[in-house]
Amino acid sequence: MNKQIISAIARKDLKATFSSKKVWVPMIILPLLLCIIFPAVFSYFGLHTGIMIADGAKDLEKPINAFIESFPNSDMRDTLVALPTLGLKSVYYFLNFMMIPFFLIVAIINSMVTSSNSFAGEKERNTLETLLFAPISVAELFVGKVIASLIPSVVITFAAFVLNAVIVNIIAYPYFKEVLFINANWLILMFWVIPTLVLFNIVLNVLVSARVKSFQEAQQFGGLMVLPVVGIIVSQASGFFFLSPLVLLLIGAGFLIGNAFLLKLITKFNQRNALFESQIH
Amino acid sequence: MENIGESLPKEIKLGGILVGLDIVEALGVEKEFAGRPILRDVSFTIREGSINGLLGPNGAGKTTMIRLLNGVIDATSGTMKVMDYDPKTHGDEIRKRAGIVTESAALYHDMSAWDNLVFFSRVYNAYDPKRIRQLLQQFEMLDKKDQLVGTFSTGMKKRITLAKALLHKPRLLFLDEPTNGLDPEGINDVIHYLKQVNEEEKVTIVICSHVLHQLETICDSFLFLNGGRIIEKGTRSELEDKYLSEIKLMVETGLQPADSRNFLGYPYIRVSPTQLEFTLAAKEEITRLLQGILNESWVHSCEITNRSLEALYFKIRGESHE
C-alpha cells in the first residue's frame with residue numbers, strides 16, 4: 001500500500017468535509033446540543049434551582065427512591081442513597097450513566113455522515129470511475145476513505161467530551177465534591193469503545209456505500225446502527241443492564257473483531273472489476 | 001492478426017534493438033454482461049505514436065473496449081496486450097502509463113482547478129507543480145487555476161480533464177467521447193490540443209466517438225465498431241480505396257455545357273447556377289476534367305463530396321449489413 005496515495009485521498013476527503021458548511025455545521029451542532037449544552041443546562045437547573053424538589057416532583061420521590069434501592073450495582077446504589085436531595089440524585093445518575101448513549105449517538109451519526117458520502121459521493125460526482133482508472137488499489141482507496149471519515153468523527157467526539165467534562169465539573173463539583181467523567185468507565189468508553197465503534201460504523205458504511213447505488217441508500221443502512229444505542233439507553237435507564245468497565249472493554253473488543261470481519265468482507269467482495277461493474281454504468 | 005496500417009512495418013530497428021511498433025494488441029476479445037454479449041471477437045492493433053478513432057454508434061461497445069484495455073473490467077475471453085502488459089494481470093502497470101478522459105468531466109467541483117490537478121497527480125504518484133503549471137498553460141487555463149471547477153464551462157472542464165489525463169506523462173491516452181457537450185469552438189480547441197499532445201509528447205491517442213466529422217482531420221487510422229464487432233479498420237486512404245467506387249466532385253464554375261447531362265463524357269447534375277456535381281470513376285480523372293473545364297470557363301473551387309468519414313461510415317455500415 002502506498003502511503004502517499006492514501007494520504008492524498010484522505011486529505012482530499014477531509015478538505016471536502018470541512019469546506020462544505022452543509023456537512024460540518026450539523027456535525028458540530030449535534031454534539032454541541034447533546035453533549036455540551038444539554039448536560040450543562042440539566043446540571044445547572046438540577047443543582048442550582050429547586051425544580052427537582054418542587055411540589056409536583058415530590059410525588060416522584062417515592063418511586064425514584066424505590067428504584068435506587070433496587071439498583072443492581074451496589075457502589076452506585078450506596079452513592080445515590082447517600083446524596084441528600086432528589087435533585088442531586090437525578091443529576092448524578094444522569095451525568096454518570098445517561099450521558100453515555102448521547103456520546104454514542106453523536107459518534108455514530110457523525111461517522112455516518114462522512115462515511116456514507118465516501119463511495120456514494122464519488123459515484124454521484126462521476127469521480128469513482130476516474131479513481132478506478134488510476135493506478136491505485138481498491139484497498140488504498142478504502143483505507144484513505146476510512147481515515148478521512150474516522151478523523152473528524154473521533155476528534156469532534158473527543159472535543160465534545162473534554163468541553164463537557166470541563167463545563168459540567170465547574171457546575172457540579174461544589175455539590176458532589178468529586179470530578180465527574182474522569183473515571184475508568186468514561187475513559188474506556190471514550191478511548192476504547194468510541195474509536196472502535198466509529199471505525200466499525202465507518203467500515204460498514206464504506207462497504208455498504210460501495211455496494212448500493214445512491215447516497216440515500218447508504219444512509220438508510222447506516223441508520224440501522226442507531227438501534228443498538230437505543231437498546232443501551234433503555235437498559236441504562238432501567239438499570240437492568242449496567243455498563244461497567246468490563247462490559248465496555250468487551251463491547252470495544254467486539255467491535256474490533258467486527259472490524260476484522262468487515263475488512264475481510266471488503267477484500268473479498270471489492271475487487272476492482274467487481275466494484276467497477278457494480279458501480280459504473 | 002490484421003494491422004490497421006498494412007503497409008507499415010511490424011517492427012523497426014532502433015540503435016540495433018528491435019522495437020515493436022504496436023502499443024495495443026487485441027485478439028479475439030469477447031465481453032459479456034449478464035449473458036448479453038457486448039463485444040464479439042474483436043481483434044486489432046494500434047501503432048505507437050498514432051491517433052486512432054474508435055468509431056461506432058451508441059452501444060457499439062467502444063467504452064467497454066477502453067475499460068477492458070485499462071484492466072478495470074475483465075474480458076470474457078481473448079487476449080490483449082497494452083504496452084506489453086496483460087490488462088487482466090498487470091492492470092496497474094498499464095494504468096500507470098495510460099491517461100484517460102472519461103465521458104463525464106470527472107473532477108471535484110468543490111475544489112479549484114489547481115487542487116484537482118494536485119490531487120490527481122498524487123494519486124498517480126507524479127506530483128510535480130511544474131508539470132501542472134505547464135499543462136495549465138498549454139490548455140490556456142493558468143489564469144483560472146484558483147477558481148472552483150464547478151464554476152467552469154463544459155469546455156473548460158474538458159481542458160482540465162485533459163490536463164489531468166496527462167499529469168503523469170502517459171504513453172497512451174484514451175478519450176471517451178471527448179467532444180460531447182462542447183460548442184464548435186470547444187471542439188476545435190480539443191482537436192487542436194490533442195494534435196499538439198500527439199506531436200509534442202509523442203503520445204499515442206485512442207479516441208472513442210460517434211461524431212464522425214470531428215475526427216476526420218485528426219485521426220491517422222480508424223476502427224469501426226458496430227454491435228460489438230469490428231466491421232472495418234484502416235487508414236483513411238485504405239478505406240477510401242476500398243469503399244470509394246465512384247467520385248462525386250462538386251465544382252464551382254461558370255461552365256455552361258451544351259449537353260445537359262454530360263461534359264467530356266462525365267455525367268453531371270446542376271446543383272446551382274454556379275455549381276455542378278460530376279460523377280467520376282476514379283480520382284485520376286479529376287485533372288482531365290478540370291483541364292477541360294478551364295479551357296472553357298473559370299473554376300473557383302472543387303471538392304470531393306462523398307469522401308467524408310461520415311459518408312464512408314454509412315457505406316461501411318451498409319456493406320456490413322449485407
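This is a predicted model: local features need pLDDT of at least 70, side-chain atom pairs count only at pLDDT 80 or more; totals for chains, interfaces and linings use all residues.
User: What do the side chains of Arg236(B) and Glu240(B) form?

Analyst: A salt bridge requires a side-chain nitrogen of Lys or Arg within 4 Å of a carboxyl oxygen of Asp or Glu. The side chains of Arg236(B) and Glu240(B) form such a bridge, at 3.2 Å from N to O. Both residues also take part in a network of salt bridges, which includes Glu216(B), Lys283(B) and Arg307(B).

User: Is Glu240(B) buried or exposed?

Analyst: A residue is called buried when its relative accessible area is under 20%. Glu240(B) has a relative accessible area of 4%, and it is therefore buried.

User: Which parts of chain A does the pair Glu122(A) and Lys12(A) link?

Analyst: The side chains of Glu122(A) and Lys12(A) meet in a salt bridge of 2.5 Å, N to O. This pair links distant parts of the chain: Glu122(A) lies in helix α6 (residues 118–124) and Lys12(A) in helix α1 (residues 3–19), 110 residues apart. Glu122(A) and Lys12(A) are both buried.

User: At what distance do the side chains of Lys12(A) and Asp13(A) meet?

Analyst: Lys12(A) and Asp13(A) form a salt bridge at 2.8 Å, N to O. Asp13(A) is buried, as is Lys12(A).

User: How many salt bridges are there over all chains?

Analyst: The count over all chains is 23 salt bridges.

Definitions and conventions. Residues are numbered from 1 along each chain as its sequence is written. Chains are lettered from A and ligands numbered from 1 in the order in which they are written. Side-chain values use heavy atoms; hydrogens and water are left out. Buried means under 20% relative accessible area, exposed over 50%, partly exposed in between (1.4 Å probe, protein chains only). Helices (H or I, at least four residues) and strands (E, at least two) are DSSP runs, numbered from the N terminus.
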